[in-house]
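This report describes the architecture of a single protein chain.

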Amino acid sequence: MKNSIIWGASLFFMVQFGCSSSSNDTSDGPTFGEITVAVDESFKPLIDSQVEAFESMYKRTKVNLIGAEEGKAMNLMLKDSARLAIVSRELNDDEIAIFEKLKIKPRVLKIAEDGLAIILHPSNPDSLLTLGQLEKISKGDVRNWKEVSGKGKNQEISLVFDKGSSSNYNYFQKKFTMQEKPSSFVYAAGSNQAVIEYVKNNPQAIGVVGVGWISDKDDTTQMSFRRGIVVASIAKKDTTEDGYFQPYQAYLAQKVYPLSRDVLIVSREARVGLGTGFSAFIAADRGQRIFLKAGLLPATMPIRLIQTTKKSPYDK
């Protein structure tokens, strides 16, 4: 029933585009043509899968993906170099003002919920962390693993992100009020994949990656990424009476995993074009199942809670 409601919402989304259209451009439609989509690099493997499924269903379509830092993805869409941007935040005031000047009404559609995974080297005994401890580490108030819980080695902590202006870094900066300029212990590895490799080779490191990079058991590339790392469990409170949680779909749904964010499509398309069709596909059953398989929380599908063994699916 819920999927039917969401599919109806997706169709409404398409109708809304059509109603607001002032263009007679027919170079593409919901199931034919070619467009460019800018996507936050944290979500690119997931959207690659969406594109593959969409193009296999609609043979006359071509979706060109550009992976970029979140701000650049937004700018590509604002400048009409991409029709959609798939990101983790809403438009800010400056971006809204640009659209108002262009007399375009942008559309925003939530398609999934993502968790930021905190990854560690398997030799690190501090695989249980609280938000308070993460905040102290992020701000540089705690610089040595021995100061975290007393179990860690006498090693200087390094905090590793994909890029200095990525959505992963921006999320931490906002949540923990980090310094605007990265400190000496904060590193930019260049990509989510590079963060994983850095943690594998540096026992003192904490890596921050989107959970989609490590959660699909059927993806052999992701399986190779996961070897040599562990995913930390995070508690909301320092008292930890509510427990520690990893970024499982059920814990995202229950709002108990504290490092979560929305995945959004922001569109500048002012008619029922290929961008509308692709958005509707992602929001409907098949697209949502791709997110479900990849370990994200779909925006429209119910998640079942089942009893399992204590071993984490993120463990090597």
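Which residues in H3 meet which residues in H4? In this predicted model, Met74, Met77 and Leu78 of H3 are in contact with Glu95, Ile98, Phe99 and Leu102 of H4. By class, this contact comprises six nonpolar residues, no polar residues and one charged residue.

**Overall composition**

The chain contains eleven helices and twelve strands. Of its 316 residues, 50% are buried. Among contacts between residues at least 6 apart in sequence, 74% join residues at least 24 apart.

**Helix packing**

Two packed helices are described by the angle between their axes and the distance between the axes. The values for two helix pairs are set out below.

| Helix pair | Angle between axes | Distance between axes |
|---|---|---|
| H3 (residues 70-78) and H4 (residues 93-102) | roughly 5° | within 11 Å |
| H10 (residues 274-283) and H11 (residues 285-294) | about 60° | 4 Å |

The axes of H3 and H4 cross at roughly 5°, and because angles under 35 degrees count as roughly parallel, H3 is roughly parallel to H4. H10 and H11 pack at an angle of about 60°, which makes H10 oblique to H11. On the H10 side the contact is formed by Phe281, Ile282 and Ala283, and these meet Asp285, Arg286, Gly287, Gln288 and Phe291 of H11. The residues of this contact divide into four nonpolar, two polar and two charged.

Glu95 belongs to helix H4. Is Glu95 buried or exposed? Its relative accessible area is 6%, so Glu95 is buried. Leaving aside neighbours within four places in sequence, Glu95 is in contact with Met74, Leu78, Arg89 and Glu90.

In soluble globular proteins, nonpolar side chains tend to be buried together. The largest nonpolar core of this chain has 30 residues, and those with the most contacts inside it are Ile118, Phe172, Ile234 and Leu259. Two or more residues of this core come from each of strand E4 (107-120), helix H5 (131-139), strand E6 (158-161), helix H6 (167-176) and strand E8 (205-210). H6 gives the largest share, four residues. A second, separate core has 27 residues, including Val37, Phe54, Leu274 and Ile290.

Why is H6 described as largely enclosed by the rest of the structure? The reason is that seven of the ten residues of H6 are buried. These buried residues are Ser167, Asn168, Tyr169, Tyr171, Phe172, Gln173 and Phe176. For Phe172, the contacts beyond neighbours within four places in sequence are with Leu116, Ile118, Ser138, Phe161, Thr177, Met178 and Val208. Thr177 follows H6 and has a positive phi, near 45°.

**An exposed loop residue**

Arg227 lies in the loop between helix H8 (220-226) and strand E9 (230-231). With a relative accessible area of 55%, Arg227 is exposed. Arg227 and Glu197 are 30 residues apart along the chain, and their C-alpha atoms are separated by 9.9 Å.

Note on methods: Residues are numbered from 1 along each chain as its sequence is written. This is a predicted model: local features need pLDDT of at least 70, side-chain atom pairs count only at pLDDT 80 or more; totals for chains, interfaces and linings use all residues. Side-chain values use heavy atoms; hydrogens and water are left out. Axes are lines fitted to C-alpha atoms, for helices over the stretch in contact, and angles run from 0 to 180 degrees between N-to-C directions. Angles under 35 degrees count as roughly parallel, over 145 as roughly antiparallel, 65 to 115 as roughly perpendicular and the rest as oblique. Contact means heavy atoms within 4.5 Å. Ala, Val, Leu, Ile, Met, Phe, Trp, Tyr, Cys and Pro count as nonpolar, Asp, Glu, Lys and Arg as charged, and the others, Gly among them, as polar. A nonpolar core is a set of buried Ala, Val, Leu, Ile, Met, Phe, Trp, Tyr and Cys residues joined through side-chain atoms within 4.5 Å. Buried means under 20% relative accessible area, exposed over 50%, partly exposed in between (1.4 Å probe, protein chains only).
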